[in-house]
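Take the points in order and find each piece as you go.

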Protein chains: 2
Amino acid sequence: MTYKTPFNKPYLTGKETHYMYDAVSTGKISGNGKYTKMCQDFFEKQYGFGKCMLTTSCTDALEMAAILIDIKSGDEVIMPSYTFVSTANAFILRGAKVVFLDSRKDHPGMNEDEIESLITEKTKAIVLVHYAGVACDMDKIMDVANKHNLYVIEDAAQAVDSYYTNKHGEKKALGSIGHLAAFSFHETKNIISGEGGMLVINDSQFSDRAEIIWEKGTNRSSFFRGEVDKYGWVDMGSSFLPSEIIASFLWAQLENLKDIQNQRKKIWNLYYEGISEWANKNNIQLPYVPKFATNNAHMFYLVFNSIKDRSKAIEKLKDSSILSVFHYLSLHDSQYYKSKHDGRILGESDRYSNQLLRLPMYYELSNDQVTEVINRLKELKY
Amino acid sequence: MTYKTPFNKPYLTGKETHYMYDAVSTGKISGNGKYTKMCQDFFEKQYGFGKCMLTTSCTDALEMAAILIDIKSGDEVIMPSYTFVSTANAFILRGAKVVFLDSRKDHPGMNEDEIESLITEKTKAIVLVHYAGVACDMDKIMDVANKHNLYVIEDAAQAVDSYYTNKHGEKKALGSIGHLAAFSFHETKNIISGEGGMLVINDSQFSDRAEIIWEKGTNRSSFFRGEVDKYGWVDMGSSFLPSEIIASFLWAQLENLKDIQNQRKKIWNLYYEGISEWANKNNIQLPYVPKFATNNAHMFYLVFNSIKDRSKAIEKLKDSSILSVFHYLSLHDSQYYKSKHDGRILGESDRYSNQLLRLPMYYELSNDQVTEVINRLKELKY
């Protein structure tokens with residue numbers, strides 16, 4: 001079925017095919033070429049990130065992180081249950097046991113206050129997720145991580161161009177705070193390259209090894225810098241780096257990042273202003289952006305009071321050819337993990353699984369379309 | 001340094017950017033769209049492959065294979081030492097112990113006769129490599145695998161459009177014989193997409209799970225076929241599927257596969273005819289294609305009598321701005337694996353590491369360039 005107003009429509013700035021053509025015509029289309037370096041430099045400079053490395057997906061960036069912190073069978077990793085499967089899979093693949101956190105009452109993001117009670121002697125890392133691009137409370141997380149000597153990995157898949165202000169009043173880009181961070185450029189994100197991702201290495205102890213793991217476990221990067229006279233197999237690794245074709249596409253997006261972000265924020269604000277009164281009256285939960293966080297307008301969601309209420313909204317919008325979609329199913333309650341979970345009830349995560357609904361959100365969404373979504377919803381009484 | 005005659009030059013058929021533009025303009029640029037299916041169908045029909053699944057690299061296809069055959073810590077996998085690191089890494093990442101085979105005297109490919117003596121109770125799979133696109137002796141391998149109940153995975157990274165004729169006189173495409181097979185479309189291969197690969201599933205017991213692993217451990221494919229009413233986390237997995245941008249590029253190549261292969265074979269034959277007499281006189285080993293195999297003209301190599309002789313040839317060609325390059329360093333003797341290897345001397349693998357040289361080989365290599373390479377080499381006396 002094709003919708004008049006789809007849920008997402010990948011936005012093209014117009015320069016993507018131009019840069020792709022340029023990349024292809026240089027004859028260097030495998031990874032780690034000119035465009036890869038341009039994109040990595042952009043992020044390092046723009047957001048104060050440590051070393052940046054493009055990957056073929058955010059999943060791959062998380063897998064690199066799991067290898068870098070040397071996750072082994074039996075290690076425990078704490079992360080939210082209300083997240084994408086890749087957050088967990090990357091660590092499961094290395095043999096970790098995943099310990100799931102519940103979500104916050106005011107926000108689908110994870111409940112930072114629960115972390116400390118779940119730490120055991122086996123805990124090695126906290127993998128936090130900046131849900132909807134809205135910062136977790138990083139001070140709380142870094143404090144508990146430092147106290148217990150844990151690694152912090154930011155799953156910043158949705159969190160490009162978003163910030164956290166810490167207790168000292170310093171505003172820091174999401175992805176610049178944990179030891180490592182992972183971004184996504186999947187077509188559903190603000191900034192896209194079809195499939196694609198990036199690992200950020202803020203703790204420089206990981207830099208050299210990251211280069212090796214990225215290059216299939218070889219010291220090829222050292223070789224090209226003239227540090228060794230031939231390159232060979234020095235570690236485990238994989239083929240994490242994307243083609244220059246993908247990097248050149250991403251470059252066109254980065255050149256237009258400001259414009260993309262401004263437009264998305266306009267749309268987001270239109271939604272918020274148009275729908276708040278109705279939502280409040282019907283006791284429907286609105287997106288929440290804590291004082292310490294910014295809004296990168298990745299997503300506009302509503303949380304209904306029941307799965308039935310949500311279904312009613314989905315159907316209502318569908319009648320006007322508008323596609324709205326729910327989001328994650330709690331990972332702790334999945335077919336794969338249910339029997340491995342420790343049995344704690346994660347009620348908030350389940351609530352968001354059953355009751356959260358995402359509204360259409362993309363660059364080319366017109367004011368009229370937003371108004372129609374709002375007006376159709378407002379016809380509903382709960 | 002830029003060479004007048006580089007070692008490789010990725011060939012563009014001219015339609016790549018056209019199809020990429022088409023993929024991008026449809027707005028479906030993440031994975032598993034129209035072009036992905038067209039490419040997969042092409043391989044299934046053209047070569048009699050089982051289910052085909054595009055991946056972001058051959059490395060990723062091998063990693064999928066390792067997950068599919070359920071490699072666990074302590075399992076042993078037999079493979080050649082003279083191969084790319086990814087052949088081994090994919091299994092190392094799952095905790096396997098790799099047991100390395102030596103190469104053949106007449107060919108850098110692995111010595112099939114050694115396999116059986118290396119099988120233990122822990123052996124789970126044989127990963128064979130069709131070096132230079134020239135078939136291993138598949139009857140020998142399948143017989144020993146069947147006898148010992150082992151999985152056979154074909155690392156067919158270099159082996160697109162190449163065949164094996166079995167003892168019954170049946171000609172089968174490489175990649176269609178083992179339980180699983182992995183192909184590469186890296187820019188150095190005959191058929192390219194920058195970075196890219198494909199998993200072939202010939203044993204249908206793996207088909208359903210392969211779909212799940214490919215889709216990040218979810219049953220999303222089942223969901224879209226209407227077999228389940230929502231999709232969730234059902235297994236481990238990763239993001240193995242490439243963007244439609246990559247698949248559309250690959251499609252342009254596949255449309256021109258016949259032309260690409262004909263041209264490469266012409267070049268290969270020019271080399272062979274021009275250089276054989278000199279090579280034979282100087283006791284230099286030429287490429288060997290057994291009766292049961294075909295030549296897909298992936299590579300033209302020479303094996304010199306010493307590392308010094310090879311260096312002399314590299315320098316000689318470099319003087320005329322021609323780039324020739326050696327190939328793998330034996331994995332059993334690598335910094336990473338040396339201490340884990342069982343100590344067997346793999347003399348042939350080491351010989352090819354030290355003495356094999358690959359000559360420039362790409363679609364746009366002109367007759368004059370080939371002739372120049374040959375003439376420069378012929379000036380050498382050993």
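1. Let's begin in chain B: is strand E8 (residues 180–184) of chain B largely enclosed by the rest of the structure or largely open? Of its 5 residues, 5 are buried, so E8(B) is largely enclosed. Here "buried" means that 20 or more other C-beta atoms lie within 10 Å of the residue's own; "exposed" means 12 or fewer, "partly exposed" is in between, and the C-beta atoms are placed from the backbone. Strands (E, at least two residues) and helices (H or I, at least four) are DSSP runs, numbered from the N terminus.

2. Before going on, a word on the source: this is a predicted model, where local features need pLDDT of at least 70 and side-chain atom pairs count only at pLDDT 80 or more, while totals for chains, interfaces and linings use all residues. Residues are numbered from 1 along each chain as its sequence is written, and chains are lettered from A and ligands numbered from 1 in the order in which they are written.

3. Back to E8(B). B:Leu180, B:Ala182 and B:Ser184 point one way, B:Ala181 and B:Phe183 point the other way, and all are buried.

4. Now its partners; two strands pair if DSSP finds at least two bridges between them. Strand E5 (residues 151–155) of chain B runs parallel to E8(B), joined by 3 bridges, and B:Glu154 has B:Ala181 as its bridge partner. With strand E9 (residues 197–201) of chain B, E8(B) pairs in the antiparallel sense over 5 bridges. There, B:Ala181 stands opposite B:Val200, and B:Ala182 has B:Leu199 as its bridge partner.

5. Zoom out and you get an open sheet of 7 strands in chain B, with mixed pairing and the order E1-E9-E8-E5-E4-E2-E3. Strand E1 (51–55) and strand E3 (97–101) of chain B are the edges, each pairing on one side only. On average, neighbouring strands are turned by 20° against each other, direction ignored. Helix H6 (residues 138–148) of chain B packs on the sheet, touching strand E4 (123–129) and E5 of chain B, and its direction makes about 170° with that of E4(B). For such angles, axes are lines fitted to C-alpha atoms, for helices over the stretch in contact, and the values run from 0 to 180 degrees between N-to-C directions.

6. How are the two chains related? A rotation of 180° with 0.0 Å of shift along its axis superposes chain A on chain B, with an RMSD of 0.0 Å. The two copies are thus related as by a two-fold rotation axis. The superposition is by least squares on the C-alpha atoms of residues with pLDDT of at least 70 in both.

7. Where the chains meet, 50 residues of chain A are in contact with 50 residues of chain B; contact means C-beta atoms, placed from the backbone, within 7 Å. On the chain A side, H1(A) gives the most, with 5 residues. By class, that side has 20 nonpolar, 21 polar and 9 charged residues. Ala, Val, Leu, Ile, Met, Phe, Trp, Tyr, Cys and Pro count as nonpolar, Asp, Glu, Lys and Arg as charged, and the others, Gly among them, as polar.

8. Last stop: B:Glu372, found in helix H13 (residues 367–378) of chain B. B:Glu372 is partly exposed, with 18 other C-beta atoms within 10 Å.

Methods: Two residues are in contact if their C-beta atoms, placed from the backbone, lie within 7 Å.
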